[in-house]
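Let's take a walk through this structure together. Keep the 3D view open and look up each residue as it comes along.

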There are 2 protein chains.
Amino acid sequence: MSQSSELPELDSPPRAVTIQDVARRAGVSTATVSRALALPDRVAVATREAVFSAIRETGYTPNAAARSLRAKSTKMVLVLLPGIGNSFFTPVLNALEEVFTEAGYGVLIGYTRQSRRRETHYARVIRAGQVDGVLVVTGNVPRDEEFASVPDTVPKSLMFSEVPGTEHISVFDVDNRNASAAAVRYLISQGHRRIAHIPGAEGGLEAQERLGGYCDALRDAGLPVDEALIWRGASNFDFASGDRAAARYFDLADKPTAVFAAADEIALGFMRALKNKGVGIPADVSVIGFDDTEYAIHYDPALTTMRQPRTEMGRLAASDLLRRMAARDGAVPTSKVRLPCELVVRESVRRLG
Amino acid sequence: MSQSSELPELDSPPRAVTIQDVARRAGVSTATVSRALALPDRVAVATREAVFSAIRETGYTPNAAARSLRAKSTKMVLVLLPGIGNSFFTPVLNALEEVFTEAGYGVLIGYTRQSRRRETHYARVIRAGQVDGVLVVTGNVPRDEEFASVPDTVPKSLMFSEVPGTEHISVFDVDNRNASAAAVRYLISQGHRRIAHIPGAEGGLEAQERLGGYCDALRDAGLPVDEALIWRGASNFDFASGDRAAARYFDLADKPTAVFAAADEIALGFMRALKNKGVGIPADVSVIGFDDTEYAIHYDPALTTMRQPRTEMGRLAASDLLRRMAARDGAVPTSKVRLPCELVVRESVRRLG
DNA sequence: CGTATTCTTGTAATCGATTACATCTACCGT
DNA sequence: ACGGTAGATGTAATCGATTACAAGAATACG
């Protein structure tokens, strides 16, 4: 519909319209077209108009590959997610996409699925210059040798994970240890003395920190840390892990009055299993979670939990990466930002005594 | 660590290693390097080895932009999502990423957020040749003029939406109307006669079809379709909409014994609101949902629902797109695939009488 | 042994933009 | 009126691969 009557092209091969076509039509050189687009005020008004109408008439859109090749910038970022079907990341991804798109950047997603093959694959994507920056959402980038080979000229950021010694990486996380301690302190403040913990999967740094915070809070309150009340064995931050932990609860003779789960989904799985067997929540057991996902508030009872500011972290991390990508050769230093968590009191914790 | 002792480069500007570097090091032409990579058996064994070790030593990775420019293929697909923070799409995205990555394609995501500006933006991404194919997950691509301007040479697919007259688009969906009718028939089979419906947001085609199915089933069973039992006003397939519908329930003098919600999240929101006021589910009201999201099974009571095969649809749609992208000039025709839904009976529906 | 065929490799054009540099015009001050 | 400067535009190199074509070497066949 665009290159209608003027040009007598036979459109068997519907060749895309290039800057050449626009230049010819506007009666200028390709350099002028390029300038009209990139720096409109370095080109005379009349010429600019001519170029723009030629663009409109031909329906021209600059070719991304050509532009990237020459300009050495793709205007794309890679967002790496662990990729378990976890809804925890939904708002994060939303925030990231929002900020990046607004700034004219495209978002390439990758699920690493803790598989080395996939990490290698994405390392290659980065080295191929396919993206201008990388945002790793919970993971262990720096551990991987493949990633070590990607040049530090590509800005990288990490979210939700605390990894030591990452000089060239911006980090956005929360103080998992202190936040967890605060959650447990809350239980203590409500009169609970016998408090169990369902940690996340071993190996995970966040899980470890949260367990640490749990122990800290108990010790600070002069309460014993009882291994029988630490129900390890989670495979992930998921329902199934909470479900499994319930077995530990039922096995126990001297039951706790409260449970701190390392994640909302674990808490929900646990609660579900207990309710199934007629255990009342919070009547018989109080439960507190971590994250404040969408489902925490809609569950019955609504889950009391420690909120992570996921959307805000996404926004901050994206903005930071944007800033660093825009700066030539690392003029902008990396950031280490630790955001505060917030206790959200709902219905799953009962005051004792 | 790679270009260590041999080459006396000063690495102030850490220029990326190119095919030229590899060629020089292996003592061959760039053409040979390219061939060794793309068609290994068209190059002599000895040469191939030389090339590969040169690649290994230099840590070479082909530049994506250069490759795309010349080969006119980016090995990327654009996945467009509506982008509400809906967990419905999580497994879909998972499946898509899985299949595409496996095939060597990158996944660019875009949230349209029903905003014209964003749709325009993504239309431009396509026209810029940034992707080889497009997968729209629930949306109205064809309606938009911008999209009309993207050439049909870019394979496009649509998931979960039924849009008439889309010649050049593959469609993967379910029979929303019949599946809904089946859900309602199930309620009827359990002895329910007075059945309400919470439709999805107006305007949405799926929502409309599901409402249609609800009416069909009632009529087929000789039951009246009562407008007082159709609780419109959903803004989305979300909790809040279910919550709002609950008000309608309480307003009603002659209450229904069962409710068919157009989506699980609506059902969950509705159930939550009822339970809050002491209404028993399924003791007092039976509820059936649609989708079978992760949360349906973990709720209390576990939600009886009509499952959409989200992962399977994702896999099929991705494979189809892959096939069409691989074929030069539309040799592979588009598909229209309609997958079956499946009733998942759990705890939220009670047998009457 | 000479020609035809197959293998292997190199040369150079090409993809479609951006941009350094050159050129030309117009306007400025003295 | 003339050298100087600013402004507008064009020329052509360049980004880093792929690939058509050509050429040379090796093998086959009569």
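This is a predicted model: local features need pLDDT of at least 70, side-chain atom pairs count only at pLDDT 80 or more; totals for chains, interfaces and linings use all residues.

A:C215 is buried, with a relative accessible area of 11% (buried is under 20% relative accessible area, exposed over 50%, partly exposed in between, using a 1.4 Å probe and protein chains only). The closest cysteine sulfur belongs to A:C341, and because it is 18 Å away, it's too far for a bond. A:C341, for its part, is in no disulfide, and at 22% relative accessible area this cysteine is partly exposed.

Residues are numbered from 1 along each chain as its sequence is written, chains are lettered from A and ligands numbered from 1 in the order in which they are written, and side-chain values use heavy atoms, leaving out hydrogens and water.

Now for the place where the two chains meet. Here 50 residues of chain B are in contact with 50 residues of chain A (contact means heavy atoms within 4.5 Å). About 4,500 Å² is buried between them, and carbon and sulfur atoms give 55% of that; buried area is the accessible area (1.4 Å probe) that two parts lose on being put together, summed over both. On the chain B side, B:R272, B:Y295 and B:H298 lose the most area to chain A, together 14% of what that side buries.

What holds charges together across this interface? Between chain B and chain A there are 12 salt bridges, each a side-chain nitrogen of Lys or Arg within 4 Å of a carboxyl oxygen of Asp or Glu. One of them pairs A:R117 with B:E102, at 3.0 Å from N to O. Another joins B:R117 to A:E102, with the closest N and O atoms 3.0 Å apart. That pair runs from helix α6 of chain B to helix α5 (residues 90-102) of chain A, helices being DSSP runs of H or I with at least four residues, strands runs of E with at least two, numbered from the N terminus. B:R117 itself counts as exposed, at 59% relative accessibility.

Over all chains, the structure holds 44 salt bridges. Take B:D175 and B:R338, whose side chains meet at 3.9 Å, N to O. B:D175 lies in the loop between β5 and α8 of chain B and B:R338 in strand β10, so the pair ties together parts that are 163 residues apart in sequence. Contrast that with B:D320 and B:R323, which also meet at 3.9 Å, but sit 3 residues apart in helix α13 of chain B, separated by about one helical turn. B:D320 is buried at 2% relative accessibility, whereas B:R323 is partly exposed at 47%.

Last stop: B:S157, in strand β4 (residues 156-159) of chain B. This serine is buried, at 2% relative accessibility. Its contacts beyond four places in sequence include B:V134, B:I169 and B:D320. The side chain of B:S157 also makes a polar contact with that of B:R324, at 3.0 Å (a pair of N or O atoms within 3.5 Å; within protein, one must be able to donate a hydrogen and the other to accept it, and residues adjacent in sequence count only if both atoms are side-chain atoms).

Conventions: A disulfide is a pair of cysteine sulfur atoms within 2.5 Å.
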